[in-house]
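Hi,

Here is the structure I said I would pass on.

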Amino acid sequence: MKRLWIACALIFIAALFSVLEFFLVNNSYDKFSKELSQIQNYYSVNEFKEAEKSINKTKNSWKNREKTLKVFLLHGEVDTISGSLEELGDMIKQKDSKAVFYTCEKTKRQLLFLKKSELPYLENIM
């Protein structure tokens with residue numbers, strides 16, 4: 001009987017971590033996609049200083065979230081997004097509009113891929 005309770009407790013803990021990971025990844029996608037869209041909006045109306053402030057805030061926020069995401073996710077995927085955010089910061093400083101919009105969209109796609117990889121689809125489970 002004791003083994004059954006231990007098994008139930010372990011299943012509960014695993015389920016709790018799965019739900020926590022799911023909400024963390026979804027929340028990260030929503031938050032950072034909105035921030036990237038805001039950066040694009042600033043850049044499209046030539047508010048370069050605001051775009052630069054926003055990307056610096058986004059990079060700092062990502063660095064804080066990155067540590068937690070690496071506990072649950074593949075490090076390579078998280079590092080790829082980190083690299084894209086660094087590239088975006090450099091492109092904003094250089095005022096390269098095409099590259100800024102391209103990199104924002106690329107980073108959003110990377111975030112979406114991360115989100116989709118954590119959804120409970122059959123292909124993700126297997």
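Phe32 is buried, since its relative accessibility of 2% falls under the 20% cut-off. Keep in mind that this is a predicted model. Trp62 is buried as well, with 2% relative accessibility. These two residues form an aromatic pair: Phe32 and Trp62 sit 5.0 Å apart from centre to centre, with 80° between the planes, which is edge-to-face. Phe32 belongs to helix 1 and Trp62 to helix 2, so the pair ties together parts that are 30 residues apart in sequence.

How many aromatic pairs turn up in the whole structure? A search finds five. One of them joins Phe22 and Phe23: the ring centres are 5.6 Å apart and the planes meet at 70°, so this pair is edge-to-face.

Helix 1 and helix 3 pack with their axes 13 Å apart and at an angle of about 10°. Because that angle is under 35 degrees, the two helices count as roughly parallel. On the helix 1 side, the contact is made by Leu36, Ile39 and Tyr43; helix 3 brings in Leu85, Leu88, Met91 and Ile92. What kinds of residue make up this contact between helix 1 and helix 3? Seven are nonpolar, and there are no polar and no charged ones.

Most residues other than glycine have a negative phi. Asn46 has a positive one, near 60°, and is not a glycine. You will find Asn46 in the loop between helix 1 (2–44) and helix 2 (48–72). With a relative accessible area of 54%, which is over the 50% cut-off, Asn46 is exposed.

Lys95 also has a positive phi, of about 60°, although it is not a glycine. This residue is in the loop between helix 3 (75–94) and helix 4 (97–117). Lys95 is exposed too, at a relative accessible area of 52%.

If you want a place to start, bring up Phe32 and Trp62, the edge-to-face pair, and then go on to the contact of helix 1 with helix 3.

Cheers

How values were computed: Residues are numbered from 1 along each chain as its sequence is written. This is a predicted model: local features need pLDDT of at least 70, side-chain atom pairs count only at pLDDT 80 or more; totals for chains, interfaces and linings use all residues. Side-chain values use heavy atoms; hydrogens and water are left out. Helices (H or I, at least four residues) and strands (E, at least two) are DSSP runs, numbered from the N terminus. Buried means under 20% relative accessible area, exposed over 50%, partly exposed in between (1.4 Å probe, protein chains only). Axes are lines fitted to C-alpha atoms, for helices over the stretch in contact, and angles run from 0 to 180 degrees between N-to-C directions. Angles under 35 degrees count as roughly parallel, over 145 as roughly antiparallel, 65 to 115 as roughly perpendicular and the rest as oblique. Contact means heavy atoms within 4.5 Å. Ala, Val, Leu, Ile, Met, Phe, Trp, Tyr, Cys and Pro count as nonpolar, Asp, Glu, Lys and Arg as charged, and the others, Gly among them, as polar. Rings of Phe, Tyr and Trp (its six-membered ring) pair if their centres lie within 6.5 Å; planes under 30 degrees apart count as stacked, over 60 as edge-to-face and the rest as tilted.
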